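Hi there,

Here is the structure I promised to pass on.

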Amino acid sequence: MSSSQEEPARIPRRVPLAQQDEPDDVNSTHRNSTTEVHQDVEAHDVKYGAKHIVFVIVPVTVCMIIVCFSIIQLDFYQKSDSVLQPTLYYTPLKENKEGWGNLGIAVLNSLIFVSIVLIMTTVLVLLYKYRCYRIIHGWFIISSFFLLFYFSFVYMISIAKWLNIALDFITLFFFLLNFGVLGMLAIHWKSPLVLQQAYLIVVGALMALLLIRYIPDWTTWVLLGVLALYDLAAVLLPVGPLRVLVQLAQERDEPIFPALIYSSAMVTMADGDGHIANDFKPDATEAANQSSERANLRSRHNRGRLSDESTLSQNAREAVGSLGASGNHTGTATDQHNVTDSDVETEEEERGVKLGLGDFKFYSILIGKAASSGDYTVVFAVYIAIIFGLISTVVLLAFMRRALPALPISIFFGLSFYFSTMYIVSPYLERLSYDQLFL
């Protein structure tokens with residue numbers, strides 16, 4: 001008996017679009033474009049980070065040069081062995097003993113100093129938390145006033161004595177008036193960033209010289225180590241005052257007070273609304289071009305991480321379009337190039353490396369103490385150690401993406417290099433020179 005049912009016709013199975021084989025040129029285009037974008041972004045980030053490392057190293061170096069010059073050349077900042085040597089209220093105990101007998105006094109002085117720093121920092125955090133901005137600004141203005149007027153006056157008198165020149169008080173008064181008022185405006189109001197950075201360097205150097213002048217010798221070495229540990233705890237612990245201050249500033253989207261922070265951001269001058277002033281816009285052209293280039297790179301990088309429907313080049317769009325693929329693109333070239341001045345300022349400010357002004361002071365104190373020894377080998381060794389620690393901190397900052405203390409690594413290497421060079425390397429080199437041996 002024959003079957004009346006006909007064999008059904010075989011309908012070819014349609015391969016889904018996602019499973020269709022794309023041409024080799026499309027795949028190669030995707031791979032090449034993605035590789036180029038990744039390489040461009042990584043190379044640009046490395047170059048940008050290296051540039052900002054230089055922007056931090058240069059001011060730190062300038063501050064340390066000022067301190068070393070003052071310690072070596074100016075008699076006022078060289079300590080005397082007299083028992084009448086004045087001290088600060090932060091370190092009330094005097095070191096009158098010989099050798100290791102001063103270690104206990106140095107530890108007590110360091111603990112007193114760090115306790116005062118902790119209390120004052122906590123008060124600052126509480127004032128900032130409860131938005132007592134006027135009190136904070138008044139506090140900083142008074143401190144800057146004394147540094148820019150009184151201590152600048154003392155420094156100018158020391159310079160005049162070193163140069164052996166006569167200096168009348170009328171000329172000195174007008175010079176200090178202009179210098180101090182301009183510094184107050186640059187730090188606490190607005191000015192070109194270069195001018196503000198210069199005044200912050202001067203303030204850091206003057207404060208470092210003051211501490212070197214009045215803190216006892218043993219206390220200085222112990223204090224540097226204790227402050228490094230304090231900085232580590234204050235920044236990394238959840239209840240650390242510096243960490244709380246940074247978190248509050250980030251939550252409120254507010255910059256930390258310029259009197260406390262040195263920034264390497266390449267902003268020229270900003271008005272009250274956060275826009276770059278018209279007189280300085282030609283100086284910001286290069287920054288705008290760089291920001292536009294970064295926007296292009298990052299936009300292409302983001303498109304490369306989307307699904308297969310996204311596109312990376314004009315050829316890829318045409319090839320995928322012929323296969324029937326469609327998708328939403330993440331912007332156009334016109335949108336990428338519409339970078340306003342405020343966008344440039346925001347991105348540069350966010351990516352700029354920020355260093356606390358206290359780090360300037362204690363770096364300078366360390367190398368200033370090395371300069372007071374009179375051995376330039378020790379000075380260069382300490383300088384290399386501080387810069388190495390600073391670069392290491394910035395590299396860690398790039399990887400960890402969080403606020404890190406800048407003192408511990410630099411102070412650890414600085415102290416290690418100082419004592420090893422002072423008591424091992426320098427005597428060894430002197431012995432080689434005495435015996436006329438050359439390696």
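This is a predicted model: local features need pLDDT of at least 70, side-chain atom pairs count only at pLDDT 80 or more; totals for chains, interfaces and linings use all residues.

Phe153 counts as partly exposed because its relative accessibility is 27%. Phe153 sits in helix H3, which spans residues 133–163. Setting aside neighbours within four places in sequence, Phe153 touches Phe169, Leu172 and Leu176. Phe175 is 22 residues away from Phe153 along the chain, and their C-alpha atoms are 9.6 Å apart.

Next, the salt bridges, of which the structure has 2. One joins the side chains of Glu254 and Arg131, at 3.9 Å from N to O. Glu254 is in the loop between helix H7 (241–252) and strand S1 (261–263), while Arg131 is in the loop between helix H2 (103–129) and H3, so this pair ties together parts 123 residues apart in sequence. Glu254 is partly exposed at 27% relative accessibility, and Arg131 is partly exposed too, at 49%.

Another salt bridge links the side chains of Lys369 and Asp217, with 2.6 Å from N to O. Lys369 belongs to helix H12 (residues 357–372) and Asp217 to helix H6 (residues 217–236), so the pair ties together parts 152 residues apart in sequence. Lys369 is buried, with a relative accessible area of 6%, whereas Asp217 is partly exposed at 37%.

And the cysteines? A search of the whole structure turned up 0 disulfides. The cysteine sulfur closest to that of Cys63 is in Cys68, 9.7 Å away, which is too far for a bond. Cys63 is buried at 0% relative accessibility, and Cys68 is buried at 12%.

Best wishes

Conventions
Residues are numbered from 1 along each chain as its sequence is written. Side-chain values use heavy atoms; hydrogens and water are left out. Helices (H or I, at least four residues) and strands (E, at least two) are DSSP runs, numbered from the N terminus. Buried means under 20% relative accessible area, exposed over 50%, partly exposed in between (1.4 Å probe, protein chains only). Contact means heavy atoms within 4.5 Å. A disulfide is a pair of cysteine sulfur atoms within 2.5 Å. A salt bridge is a side-chain nitrogen of Lys or Arg within 4 Å of a carboxyl oxygen of Asp or Glu.
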